[in-house]
Amino acid sequence: MKNIVLITRENSEKVTHVMVYLCGSYQEAKQFCRFINSISLECGERFNAREIYLNREYSLEKYVPFTFDDILTISNRNLQKLLRELDSDILVLALKDAKKEIKDHFFKNMSKRASGMLKEDIEYVEPYAESDIEDARQLILDTYKYLSTETFDKAIDAFGKRTKIKLRKCFPPFAEEERNNIVMVFRGSGNIADSVSISIYETYHLADGLCNYLNELETEKGRFIYARHIKPMVEYEITKPLLIRFEQILEHNGKIHNEHCNILIIKEALKNFGTYTLLKAFKGIDKRSREIIMQCLSIKTADEINDLIENNHKYEKYTLSETRQARQKIMDAINRNAIKFERGDFHKGVFLKD
């Protein structure tokens, strides 16, 4: 299992971007986090990197590392829950030179017999290296983070049950694809995500299935959930996209702005893509739907695409992965234009460049 590192880019007010890196071991992840956290950025921005668990939900508020001294903020109930997970030898090592307040916080949440034995062990334990003490404390912090984070277990379990029944019906037989297909899942309200989780699948098709499943879930009013494929060490904005599925391009009436503005937004986005990227995106949609979208293309580009579909067998050979990636690029471009329109970065029919 890969060790997952979540990296957030933050300014003085909020988190603006997230990215993910996969490490081969705990030690590698720890060293990588130290390296990322030491990087200096301009304009008051900074990176915060920390290890996270698969399928667990993490807040996208400004990240403040949880230190051993912060154990004093843990409630008695949660500390008792934590103590049930810890080995006594780890506790002895971690509390050897700890502050009196921290020791007392542990002792008062233990039975008299257990706290008495722990005090005696701490007093007579042989001296340990500082690095061993730090490792013991980090293990306690890691255990607490594991116990305290929220999970997507219900959604993931539901998806697992669904795939056993329906996945083979949805997808044709396929060759084994590259492992570590990463899905980032955002939750939030309005247009801003306030939490994120990471899922990893061995095939692109399973990852794609999870994206489709989560993006079709009904959410509370004003809330959203959005899942998308991502690549390691690529930054992603935490703003909610205005389009989640490619088919929503066909439903643009009132989905983004009024119909005239929607068509303009889509036209401006599509003209930046080559014929073959558009061709990949169109695979799998019916002719009528394709023709509706192609009304937003130039006549020359639309004619080229129709000729290729009719005369070129390569169109049929595009994989689901290629189609999904092409569609995602187009949706991202449309979403960027829609956000520019909302910001007013639009003058005399032209979108201003970033």
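Student: Where is the place of Asn55?

Tutor: Asn55 lies in the loop between strand 3 (46–52) and strand 4 (56–59), where strands are DSSP runs of E with at least two residues and helices are runs of H or I with at least four, numbered from the N terminus. This is a predicted model, in which local features need pLDDT of at least 70, side-chain atom pairs count only at pLDDT 80 or more, and totals for chains, interfaces and linings use all residues. Residues are numbered from 1 along each chain as its sequence is written, and side-chain values use heavy atoms, with hydrogens and water left out.

Student: What is phi of Asn55 near?

Tutor: Phi of Asn55 is near 65 degrees, which is a positive value in a residue other than glycine. Most residues other than glycine have a negative phi.

Student: And is Asn55 buried or exposed?

Tutor: Asn55 is buried, with a relative accessible area of 17%; buried means under 20% relative accessible area, exposed over 50%, and partly exposed in between, using a 1.4 Å probe and protein chains only.

Student: What about Met233, where is that found?

Tutor: Met233 sits in the loop between strand 8 (223–230) and strand 9 (236–237), and its phi, near 60 degrees, is also positive. Met233 is partly exposed, with a relative accessible area of 35%.

Student: Switching to helix 8, how many of its residues are buried?

Tutor: Ten of the twelve residues in helix 8 are buried, so the helix is mostly covered; among the buried ones are Tyr204, His205 and Leu210.
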